[in-house]
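Please open the model in a viewer and keep the selection tool at hand. The stops below are given in the order in which they may be selected.

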Amino acid sequence: PEPLLRAVEVRQHFPVRRGFFKPTAYVKAVNGVSFEIAEGETFGLVGESGCGKSTLGRTLLRLVEPTDGACFYRGENIFEKSPSEFARFRRELQMVFQDPYSSLNPKMRVGDILEEAMKIHGIGTRRTRTDRVIELLETVGLSSEHYFRFPHEFSGGQRQRIGLARALSLSPKVVICDETVSALDVSIQAQVLNLMKRIRREFDLSYLFISHDLGVVKYISDRIGVMYLGNLVEVATAEELFESPKHPYTQALISALPKTNPRTKKERIKLTGEVPSPLSPPSGCCFHTRCPHATEICRTTVPASRTISDTHKVACHLYEGRA
Ligand code: SF4
Ligand code: MG
């Protein structure tokens, strides 16, 4: 069956002018990413800052127009829709940002902030919308008391709850969460993550959960994709990824996590060198400049995505034989 959301070879290349006489260069922020999200599933997207994961999320919702590729929602390519056709899909695809404070109008009361999108989309009457707003406040662990308050009167965790409530106001099917808990204290993080899990069940949602924090991604995701320099280098169930990471980059990320079992002998894998610029990514495998296992073929040939199991794929020449 067709998954709820399916991204195919999505690219986001930003042009950079380097002066009048030089040809335009391109920052290859997202360089041909494919994955899918099933109904009710949380797909975690992890990678260091600057790897293109936020840009990918924004591109899927066409907050920046894609350079190339396709994104199928319920089998329809939303990249091909006209702006008016796309508006219909946009209701079902929502986004929650890292700092909702910057996206919550400081001069508006929370009740009005939560009502706004419904108003714009012509949903309900003033009366039914007010009821719905109170319901949403309660869903995210706030109450009708908060209706007339302003954003600055809330803590970071509460503002994140308001951001979630606003995303839910249009009854979406997919919510893209970009570093949603990254700015919060660890104890508050757990509360918001648990709330998000409950909301996912109650509203029958799917999440694309973007974060640089592998621990957080592990906690909430069913499947995880690892991004490096605009490429998805490995995709697996959360369990497979942590039990037997295949890509050398994933192995390094996991080895850097605090150990849950101090007796495990695995050494931390130290990566040398910097992440190359997406303006001039390396030839061949994008990771070859830092990979401890790189060989000649890695410098010349882009590794294809290899299937390890039904639920595990990796793009690395080490797994060539298993194509
Ligand atoms: Fe390392 Fe080569 Fe695999 Fe890339 S393809 S991750 S350079 S071994
Ligand atoms: Mg980001």
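How do the residues of the shell around ligand 1 divide into nonpolar, polar and charged? There are nine nonpolar, four polar and no charged residues in that shell, where Ala, Val, Leu, Ile, Met, Phe, Trp, Tyr, Cys and Pro count as nonpolar, Asp, Glu, Lys and Arg as charged, and the others, Gly among them, as polar.

This is a predicted model, in which local features need pLDDT of at least 70, side-chain atom pairs count only at pLDDT 80 or more, and totals for chains, interfaces and linings use all residues. Residues are numbered from 1 along each chain as its sequence is written, while chains are lettered from A and ligands numbered from 1 in the order in which they are written.

**Ligand 1.** Select the 13 residues that surround the ligand (C-beta atom, placed from the backbone, within 6 Å of it). The closest are Cys285, His288, Cys291, Cys298 and Cys316.

**Val233.** Leaving aside residues up to four places away in sequence, Val233 touches Val226, Tyr228, His247, Tyr249, Phe287, Val314 and Ala315 (contact: C-beta atoms, placed from the backbone, within 7 Å).

**Leu114.** Finally, select Leu114, which counts as buried because 28 C-beta neighbours lie inside 10 Å; the cut-off for buried is 20 or more other C-beta atoms within 10 Å. Beyond residues up to four places away in sequence, Leu114 touches Val133, Leu136, Ala165, Arg166 and Ser169. The C-alpha atoms of Leu114 and Leu104 are 9.7 Å apart.

Note on methods. Contact = placed C-beta atoms within 7 Å. Buried ≥ 20, exposed ≤ 12 C-beta atoms within 10 Å, placed from the backbone.
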